[in-house]
Amino acid sequence: MSKLFRSPKALTILILVLGTFVLSIAGGALGNEFGGGFLGSPIAHIQLPAEPVLEDELFPGFELTNTMVTTWITVLAIIVLAFLATRRMTEVPTGLQNVFEALIEFFSDLATSIAGPERGRRFLPLALTIFLFIVTANWLGILPGFGTIGRIETPEDVIHHAEEKAGAEIDLTGVHLQIFDGKGFLALALPGSMDETITAAEFEEHGVGDGKQAGLLVPFLRSANTDVNTTLAIAIVAMFAVHFWAFATLGFGHIGKFLDFKGGPIALFVGILEAVSEVARLISFTFRLFGNIFAGEVLLIAMAFLLPLIGIIPFLGLELFVGLIQAFIFSLLTLVFASLATATHETNH
Amino acid sequence: MLWLRPWRLSVQPDGFGKWWLKVMFEALGINVAGLVTQLVSFVILFAVLYKLLFKPILRLMDQRSERIRESLETAERVKVESARSHEEMQKQIEAARAEGQQLITQARQVADRFREEEVTKARAEIEAERARAEVNIQRERDASIEGLRREFASLAITAAERVVKRSLNEEAHRELISEVLDEGSRLKEG
């Protein structure tokens, strides 16, 4: 410790770190109670369904949500990377080609170890696509700008949606709105705006004053896997593929697993259990990924609210790790389910 | 219309039988439009990646592993071949060495035999030479002894003649005899 105080460099670093920490506490939600809060912004409105990016439906029956936008960005990013990697392929791989080859090699070995060389080769493309999509979406989702830049939803729309959702009149004192400067369409979660909130009831009564507007920030971008639709879609594709491969390998024997009339009532019951477990797999696929990524998002929002500047740094690392692990688990389980479903008496050892 | 516009769905809170619809469609935000969009996006991604990434890279990797396998096999074959030829060479060297050894042995035997013959011949010649020399010496000696004897006899005769000439004079006899003997010894010396 004494050594630390004698070294000016270490002392400077220590003071800077401590200063940042104090600054971040004072500027966050804790400091806000004592007149600070100059770095924070009101905690974001958190909801499970993805928010529509546009005020109106893009075309009847279709609302463009922010998770769709992120999905398309993700898809585009992966395709561009894949294009760059395979544009000029060489026998001795370099750069991006090398990265993708290493990835394919890794998953190829994984698939081979799970399902054997022949079936592993068949399962590989889907497993790898699942991995690439999920990991890219997760890692994109923790970039700055996700969840913090968006349009302003007007108080009328906010109340209207809340009432529509509840199916009845709602208590307006329970609806919290943010106050934004200016009259623009775009909104940012600005530092120092922590107290700039108002309830819908107060807004109805006396408004927010000139040059300001109330409403909710609706982010343009939101991590794709924080939408159940995305995770459900991937799960459906995965389970569909699993049963497709099983049917292609076993024919009607695959259906016989679920509807076994020949083996007596117990076999029939086991078949029904099998069918239920397939549905359970679909649901667990969906909610494992969704839950992990959504929880991570909420965690980051909460930490940014409590400790602005530095609070999210360790959790960004955690989210990088979780995003990777969830992607890997999803593709690994797809491989395992596919391997189990296509197992015949010869391959089942 | 419920399935087409589920986000517009409004379920009465007291309608307990449809609580799960409310949970799924409103609380979780599952809706057909979103689901179909995500499905289509993912399937497009899969199709594009399959064409663009997996097929070419897997083909390339297969080709590469095939080539590596081939070159390994070739290397193995070359190794075996070279081992065989090395062995052959070794065998040839061994044979040549044995042959050389045999040749040397033969040459040595021939040389030994030749030397022995020569030595034997030389020894025989020397023997013959010596025998001849001995014979010569013997003859020489015999001749000289014979000569000496003849001389001596003639001397003795001469001495007897003189003794007889001078008649009986003891002193003269003795003188004569010693004279003869002197002569004889001189003769002998000479």
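Visitor: Which side chain meets B:Arg64 in a salt bridge?
Guide: Keep in mind that this is a predicted model. In it, the N to O distance of the pair is 2.8 Å.

Visitor: Is B:Arg64 buried or exposed?
Guide: Its relative accessible area is 17%. Buried means under 20%, so B:Arg64 is buried.

Visitor: And what about A:Glu101, buried or exposed?
Guide: The cut-off for buried is under 20% relative accessible area. A:Glu101 comes out at 5%, so the residue counts as buried.

Visitor: Which residue forms a salt bridge with A:Arg121?
Guide: The closest N and O atoms of this pair are 2.7 Å apart. A:Arg121 sits in helix 5 of chain A and its partner in helix 2 of chain B, so two chains are joined here. That partner is B:Asp62.

Visitor: How does B:Asp62 count at 36% relative accessibility?
Guide: Buried stops under 20% and exposed starts over 50%, with a class in between. B:Asp62 has 36%, so the residue falls in that middle class. A:Arg121, at 34%, is in the middle class too. The label for B:Asp62 is therefore partly exposed.

Visitor: How far apart are the closest N and O atoms of B:Arg97 and B:Glu94?
Guide: Both residues lie in helix 2 of chain B, three residues apart, which is about one turn of the helix. B:Glu94 is partly exposed, with a relative accessible area of 42%. The closest N and O atoms of the salt bridge are 4.0 Å apart.

Visitor: How many salt bridges does a search of the whole structure find?
Guide: The search runs over all chains, and the count is eleven.

Visitor: Let's move to the pockets. Which helix gives the most to the lining of the largest pocket?
Guide: The pocket holds about 980 Å³ of space. It is lined by 42 residues, and those closest to its centre are A:Phe146, A:Gly147, A:Thr148, A:Ile301 and A:Ala304. Strand 5 (212-219) and helix 10 (264-306) of chain A each supply at least two lining residues. The top contributor, with seven residues, is helix 10 of chain A.

Visitor: How many nonpolar residues are in that lining of the largest pocket?
Guide: Split by class, eleven of the lining residues are polar and three are charged. The nonpolar count is 28.

Visitor: How much space lies in the largest cavity?
Guide: There is one cavity of 30 Å³ or more. Its lining is made of A:Asn138, A:Ile142, A:Ser223, A:Ile293, A:Glu297, A:Glu319 and A:Gly323. By class, those are two nonpolar, three polar and two charged. The space inside is about 50 Å³.

Visitor: One last stop, the surface. What area does the nonpolar patch with A:Phe83 have?
Guide: A:Phe83 is in helix 4 (residues 66-87) of chain A. Patch residues need over 30% relative accessible area, and A:Phe83 has 42%, so it counts as partly exposed. Alongside A:Phe83, the patch is made by A:Leu76, A:Val80, A:Leu81 and A:Leu84. The patch area is about 450 Å².

Terms used
Residues are numbered from 1 along each chain as its sequence is written. Chains are lettered from A and ligands numbered from 1 in the order in which they are written. This is a predicted model: local features need pLDDT of at least 70, side-chain atom pairs count only at pLDDT 80 or more; totals for chains, interfaces and linings use all residues. Side-chain values use heavy atoms; hydrogens and water are left out. Patches are made of residues with over 30% relative accessible area and no salt bridge: like charges are joined within 9 Å, nonpolar side chains (Val, Leu, Ile, Met, Phe, Trp, Tyr) within 5 Å. Accessible areas come from the Shrake-Rupley method with a 1.4 Å probe; for residues, only the protein chains shown count as cover. Helices (H or I, at least four residues) and strands (E, at least two) are DSSP runs, numbered from the N terminus. Buried means under 20% relative accessible area, exposed over 50%, partly exposed in between (1.4 Å probe, protein chains only). On a 1 Å grid over the protein atoms alone, a cavity is a set of points where a 1.4 Å probe fits but cannot get out, and a pocket is an open set with protein on both sides within 12 Å along at least five of seven lines; lining residues have an atom within 4 Å of a point. Grid points are joined across faces, edges and corners, and a volume is the space filled by probe spheres set on the points. Ala, Val, Leu, Ile, Met, Phe, Trp, Tyr, Cys and Pro count as nonpolar, Asp, Glu, Lys and Arg as charged, and the others, Gly among them, as polar.
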